[in-house]
Amino acid sequence: MKKLGIVFWVSAVVAIFAATVGLIAPEMFETVTGNIQSFLTTSFGWYYLLTVAIIVAFCLFLILSPVGGIRLGKRTDRPEYSNKSWFAMLFSAGMGIGLVFWGAAEPLSHFAISAPSAEEGSQQALKDSFRYTFLHWGISAWAIYGIVALALAYFQFRKGMPGLLSSTLYPLIGERAKGWMGHTVDVIAVFATVVGVATTLGFGAQQINGGLSYLTSIPNSFTVQFIIIIIVTVLFMISASTGLNKGIQLLSNANLYIAFVLFVLLLILGPTVQIMNNFTNGLGGYLQNFVQMSLRTSPGGEGRDWINSWTIFYWAWWMSWSPFVGIFIARISRGRTIREFLMGVILLPTIVSLLWFAVFGTSAIDASKKNPGIIDLPTEQVLFGVFDQLPFGIILSIIAIILVAVFFVTSADSATFVLGMQTTGGSLNPSFKVKLIWGILQAAIATSLLFSGGLQALQNAAIIVAFPFSILMLIMIYSLYKALMHERRELGLYIRPKKQQK
């Protein structure tokens with residue numbers, strides 16, 4: 001119990017301190033976080049890019065390796081959830097609000113506001129808008145989630161260790177994983193989870209407010225966003241009280257159906273042929289230029305601000321979310337093989353994400369040509385400006401607001417579950433009391449970030465908190481590799497049979 005107390009209380013105190021500073025001294029908070037973020041992106045941008053490249057390469061290695069057949073659990077274990085429910089839960093936890101928030105806004109921004117490498121509004125900018133959006137939401141993002149989730153699931157279900165980040169380092173630090181060194185790792189993971197999820201909750205509150213403001217006379221303000229956070233907090237705590245197999249699973253399946261309805265409606269009502277052309281061309285450009293885009297730093301200075309604001313922000317955001325998403329995906333993935341797990345976590349969500357951005361991004365670019373005023377809308381209102389140019393726009397906007405709200409509840413509910421696990425020694429069913437505390441702290445951090453600087457403060461926080469966790473991720477990869485190679489030798493798993501000694 002001593003360990004549980006240390007991790008819980010240290011994490012809670014750090015979270016409370018961060019939220020309090022943001023609320024009491026918002027200008028100072030914004031300035032300090034902005035300076036740290038600027039230093040990290042300028043001095044360590046190359047590090048973020050290389051780290052993600054290593055993660056993607058390691059996932060590919062595991063999929064092709066003989067160890068890909070190792071099961072996450074005992075040899076007789078089989079998946080607890082159907083493929084549909086499993087995918088719905090991992091997708092809702094992994095992307096959720098972000099898809100709706102950035103679905104129309106990001107491709108439009110890359111095309112008309114700030115192009116990656118070409119003149120805004122040009123044909124090259126159109127090509128770049130989709131290949132870079134696909135880069136940010138594709139294989140790399142899900143590989144980050146997948147590798148953390150895999151390490152956790154492997155050590156928890158295969159090796160019988162607690163479902164904590166510190167457990168993944170056991171092959172390297174041994175029993176010290178249960179001492180102060182392990183506590184430190186778990187506290188960093190908890191704080192990364194809190195800030196990463198709070199960032200997304202902030203986006204969700206902004207977009208719900210943006211939609212309501214666009215459709216009604218409700219102002220787009222911090223006060224309204226604060227009220228939205230309170231209402232949604234109450235809703236996700238009600239869901240959290242029902243447990244994993246009821247609240248989260250039901251809401252995740254509902255998310256999938258609502259998102260599918262919105263996707264199909266926009267595909268039909270939008271410029272369908274153009275959507276499919278942009279998807280196909282964007283996919284080809286993404287695959288063809290994947291390595292170059294992934295490692296692009298613009299050392300000469302031209303385009304570096306764009307890379308800092310987009311690619312490095314996204315890599316940091318995915319890293320800050322990876323403890324939460326990783327632990328949650330690991331929790332629902334017992335019984336799957338490593339190969340099945342990685343292909344399911346990386347490939348299918350990537351395909352869905354790319355199709356989503358092709359539909360929403362193309363519709364946004366097409367709508368902006370009819371009404372250039374859409375380009376000047378705040379990020380959280382772009383989607384509703386696009387819907388306004390389509391038949392049944394009001395209905396589409398209402399569906400989108402409902403989808404964001406349900407994603408909001410699902411993400412927050414999943415996060416309280418994960419934070420409860422991390423601060424109760426890896427318990428598979430943390431108490432409602434612990435989840436309630438973390439639910440309130442999540443809402444407080446999201447409120448603090450919105451109050452101290454809105455969208456920019458959210459991005460700053462994600463980049464900063466991801467830096468220490470990225471170091472842990474690299475250590476975790478080496479630890480997992482060491483454990484898997486040891487088991488490969490034990491099981492005699494080889495691509496080709498070993499030569500017999502004469």
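The entries below follow the order in which I looked things up.

I noted that this is a predicted model, in which local features need pLDDT of at least 70, side-chain atom pairs count only at pLDDT 80 or more, and totals for chains, interfaces and linings use all residues. Residues are numbered from 1 along each chain as its sequence is written, and side-chain values use heavy atoms, with hydrogens and water left out.

**Aromatic pairs.** I searched the whole structure and found 39 aromatic pairs, where rings of Phe, Tyr and Trp (its six-membered ring) pair if their centres lie within 6.5 Å, and planes under 30 degrees apart count as stacked, over 60 as edge-to-face and the rest as tilted. Phe58 and Tyr481 are edge-to-face, because their ring centres are 6.5 Å apart and their planes stand at 65°. Phe58 lies in helix 2 (residues 26-64) and Tyr481 in helix 18 (residues 432-491), so this pair ties together parts 423 residues apart in sequence; helices here are DSSP runs (H or I, at least four residues), numbered from the N terminus.

**Burial.** I then looked up accessibility (buried means under 20% relative accessible area, exposed over 50%, partly exposed in between, with a 1.4 Å probe and protein chains only). Phe58 is buried at 9%, whereas Tyr481 is partly exposed at 36%.

**A second pair.** Trp102 is in helix 4 (residues 97-102) and Tyr314 in helix 14 (residues 304-331), 212 residues apart. Trp102 is buried at 3% relative accessibility, and Tyr314 is buried at 0%.

Note on methods. Helix = DSSP H or I, 4+ residues; strand = E, 2+ residues; numbered from the N terminus.
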